[in-house]
Amino acid sequence: MNDFPMRLQAYISKCGVASRRAAEELIKAGRVMVNNKKVTEMGFKVNENDIVQVDTETIEISEKLYYIALNKPKGYVCSNYDPKEDRFARDLINMKDKDLLFNVGRLDKESSGLLLFTNDGKFANSMMHPRYEVEKEYIVKLDRNIEIEDLNKALDGLYIDMPKPYRIKRYDFIPRTKQFIRVTLTEGKNREIRKIFSFLGYDVKSLVRIRIGCVELDDMEVGEWRNLKKEEIDGLLKGKQSLKQNLKEKKVRRKDGNRN
């Protein structure tokens, strides 16, 4: 049940065009019209019979909610529209209502792996807001062996191009190599991992996201998509990690406890 009058950004989100924060940017950019009039006011409210358009396309609230995981290939962009690009991650989701979907968070063009899509703006806001600290885990291949002291610097936080530090939450070496490492983040600033390692003097050769909260990439083929399970959706909203990650952390805590 939808309550009207409704804030314009909330309406856009419920239509599955974008999250509320992204909808605010659309409004600010003058890309939204209500009853054939451009609206740039954040507090503007719409009524049930109002005609709302984004980029001249009429939008309507979708009653069905979708939660989808995609294994994004390298070379695809997360944007749903960019005149300079011709390969969009959303186009890999071959379903009737794919145009309602928007990506939750991003992966840059040269990165691959787990990417979530939805038309549920409230869910998207929960996943992207820093205070929820949803973990994202990546496998990173570097151009050379990494030094432990560099990883510790990244744990402490690095001031690169903004007042807030870039920081990793945790790292773990892939067995028998120091070029491949697992890195876990909770914020995920734009190109955060690439900026961190570039600042430390390394070149990222490949970057694959393998986990978001309790959702794992597992054996999904590149370009494959699937609907999230109910327990995965509930787990993401409750901030749960994957079963594998929980078991790994319990093992580490047990090991640390034996040393004392």
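Mentor: A word on ground rules before we start. Residues are numbered from 1 along each chain as its sequence is written, and side-chain values use heavy atoms, with hydrogens and water left out. As the model is predicted, local features need pLDDT of at least 70 and side-chain atom pairs count only at pLDDT 80 or more, while totals for chains, interfaces and linings use all residues.

Trainee: Thanks! What makes the radius of gyration of the protein chain agree with a compact globule?

Mentor: The radius is taken over C-alpha atoms, and the globule rule is 2.2 Å times the number of residues to the power 0.38. For 260 residues a compact globule would come near 18 Å, and the chain has 20 Å, so the two agree. Along its principal axes the C-alpha trace spans about 65 × 35 × 35 Å.

Trainee: How many helices and strands does the chain have?

Mentor: Seven helices and 15 strands. Both are DSSP runs numbered from the N terminus: helices are H or I with at least four residues, strands are E with at least two.

Trainee: Why is Phe197 called buried?

Mentor: Buried means under 20% relative accessible area, exposed over 50%, and partly exposed in between (1.4 Å probe, protein chains only). Phe197 has 0% relative accessibility, so Phe197 is buried. Tyr202, at 6%, also counts as buried. Across the 260 residues of the chain, 44% are buried.

Trainee: And why is Tyr171 called partly exposed?

Mentor: Its relative accessible area is 22%, so Tyr171 falls in the partly exposed class. Phe173 has 23% and is therefore partly exposed as well.

Trainee: What makes Tyr171 and Phe173 an edge-to-face pair?

Mentor: A pair of aromatic rings is described by the distance of the centres and the angle of the planes. Rings of Phe, Tyr and Trp (its six-membered ring) pair if their centres lie within 6.5 Å; planes under 30 degrees apart count as stacked, over 60 as edge-to-face and the rest as tilted. By this rule the count is four aromatic pairs. For Tyr171 and Phe173 the centres are 6.0 Å apart and the planes stand at 75°, so this pair is edge-to-face. Phe197 and Tyr202 have centres 6.4 Å apart and planes at 90°, so that pair is edge-to-face too.

Trainee: Phe197 belongs to helix H5, residues 192-199. Which elements do the buried residues of H5 pack against?

Mentor: They pack against strand S10 (136-142), helix H4 (148-156), strand S12 (180-185) and strand S13 (204-212), where contact means heavy atoms within 4.5 Å. The buried residues of H5 are Glu192, Ile193, Arg194, Ile196 and Phe197. Just after H5, Gly201 takes a positive phi of about 95°.

Trainee: Which residues other than glycine have a positive phi?

Mentor: Thr56 is one of them, with phi near 70°. Thr56 sits in the loop between strand S5 (52-54) and strand S6 (57-59), and its relative accessible area is 60%, so Thr56 counts as exposed. Asp218 has phi near 50° and is found in the loop between strand S14 (215-216) and strand S15 (225-227).

Trainee: What is the peptide bond from Phe4 to Pro5 like, cis or trans?

Mentor: That bond is cis, with omega near -5°. Pro5 lies in the segment before strand S1 (6-7).
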